[in-house]
Amino acid sequence: MREISVIVNGRARKRMIKDNELLLDFLREKIEVRSVKAACWRGECGLCTVLMDGHLVKSCLVLAVEADRRDVRTVEGIADDGELTPIQSAFVRHGAAQCGFCTPAWVLATHELLRSNPHPSDADLVEATSGLVCRCGTYNQIREAVAEVSETKTGRQPRESLARTHRQ
Amino acid sequence: MSFGSPYTTLPDFEYHRPTSLDEVLGLLRQYGDEAKLMGGGVGLIAFMKERLMSPAHVIDVKEVKELKMLNSPPGKGLSIGAAVTLSELLEGGVLKKDYTVLHEALARVADPMIRRRATLVGNLCEAIPWVDSPPALIALDATVAIVGPEGKRTVPVSGFVRGPVDIDLGPSEMVTAVGIPQVKGAQGAFEKFTGGSEFSLASVAVMMSNGGRNRKARVVYGAVNSTPIRSAQVEEAIKDGITPGSVRKAADLASEKVECVDDVLATAAYRKHLLKVITVKVLRRMMSQ
């Protein structure tokens, strides 16, 4: 056992852990951040995604001890003062969540994509989120939500491919 | 904690995070085959969950300065340290111009989150038949720099990967870097077929040197057998140029001559078919460039 201190959503959280503990277990069980979902446990579904030192990682493939003294952000940590972020509001408007299980990971990943690339193309979106799955199949709604945030920022008209999707 | 399945927990081990190469070598001397080195961990952690590996000691090399080196001295090729991640290689742009074959192979490994953690050396050392770096590295004549109790040695990647999960590395040895010789005036490309999964069922890495009388082609197939396979016949077919005729001939030869295995992912007959498909695909793309 050893003590680690992880800064989770801006707050230092100290806990005793075993060396073989996963960051995923630390977040869900030790400090009860339940938006981080445990599903495939093998880096395939991406629903345990968190930001570690500003980069998206799958927390089922990270040891808790590796996160010692690092900055970890989950979906709870991206909004200011309880206000929804633009991508969160867009998810709501476009019905981009169905059962909701994967939504925290998708919100986090698309939020991060829009931060680093404010006007992603369809290809950028597909590439950036290729490590995430949504078994309800809300991919089109997620794409519309991302497009809306991207376009609100420039006041541009929806791109042709997205407009077509919308009519389907 | 988890659901009690062996697939969600890790076996017990002690974690070490050395910061210098000497420290890593000291730990390896001390623990030998009780220890496993961890780069990004994406392979090791998955293997440990499946209980395919249960090392008593895990040595994380991410913070080792000497292993983070990514050097490209002018005219001297490229040296990629064991802790350099796939993202660092792809985003740094060092591969884009001369080492396209490796760039294309790595750009399609798993997804961006995995590539942010995974290292090239880790990918190579997994030596799983369907990983994509070995064929590309063999096409580039890459070598592996190894250090151990007996000193340093360098082996070609083609000899380093001996079989499935079998590499030329002693228990107290480690890979410090991959070296790629300088490439000049050559064209390279990589293609794979994954059938919708994330595992290659067949892959191909091609290097063509265009200039002068000394034309050379290098064609390496991956994921169809226990180790990557070079095909002298396919190389011969395209060495004088990629034309519609030579592409057809190369595709037929690949399918005919390259030995494929049956396994859980695909039958040998299906792989033979895929060899034809990816050979045409990669060569046509190179022809139009």
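## Exercises on a predicted two-chain model

In this predicted model, 23 residues of chain A touch 23 residues of chain B, where contact means C-beta atoms, placed from the backbone, within 7 Å. Residues are numbered from 1 along each chain as its sequence is written, and chains are lettered from A in the order in which they are written. Local features need pLDDT of at least 70 and side-chain atom pairs count only at pLDDT 80 or more, while totals for chains, interfaces and linings use all residues.

**Exercise 1.** Describe the side of chain A that touches chain B, by element and by residue class.

Solution. Start with the elements, which are DSSP runs numbered from the N terminus: helices are H or I with at least four residues, strands are E with at least two.
- Helix H1 (23-30), strand S4 (55-58) and helix H4 (122-128) of chain A are the elements that give two or more residues to this side.
- S4(A) gives the most, with four residues.
- By class, the side divides into nine nonpolar, seven polar and seven charged residues. Here Ala, Val, Leu, Ile, Met, Phe, Trp, Tyr, Cys and Pro count as nonpolar, Asp, Glu, Lys and Arg as charged, and the others, Gly among them, as polar.

**Exercise 2.** Determine how H2(A) and H3(A) are arranged and which residues meet.

Solution. Take the axes, lines fitted to C-alpha atoms over the stretch in contact, with angles from 0 to 180 degrees between N-to-C directions. Helix H2 (residues 86-94) and helix H3 (residues 103-116) of chain A have axes that come within 9 Å and cross at roughly 130°. The two helices are therefore oblique to each other; under 35 degrees counts as roughly parallel, over 145 as roughly antiparallel, 65 to 115 as roughly perpendicular, and the rest as oblique. From H2(A), A:Ile87, A:Gln88 and A:Phe91 meet A:Thr103, A:Val107, A:Thr110, A:His111 and A:Leu114 of H3(A). This contact has four nonpolar, four polar and no charged residues.

**Exercise 3.** Locate A:Trp41 and B:Ala127, and decide whether each is buried or exposed.

Solution. A residue is buried if 20 or more other C-beta atoms lie within 10 Å of its own, exposed if 12 or fewer, and partly exposed in between.
- A:Trp41 is in the loop between H1 and strand S3 (49-52) of chain A. Its phi is positive, about 65°, although it is not a glycine. With 22 C-beta neighbours inside 10 Å, A:Trp41 counts as buried.
- B:Ala127 is in the loop between helix H6 (120-126) and helix H7 (133-139) of chain B. Its phi is about 50°, again positive in a residue that is not a glycine. B:Ala127 has 21 other C-beta atoms within 10 Å and is buried.

Key:
Contact = placed C-beta atoms within 7 Å.
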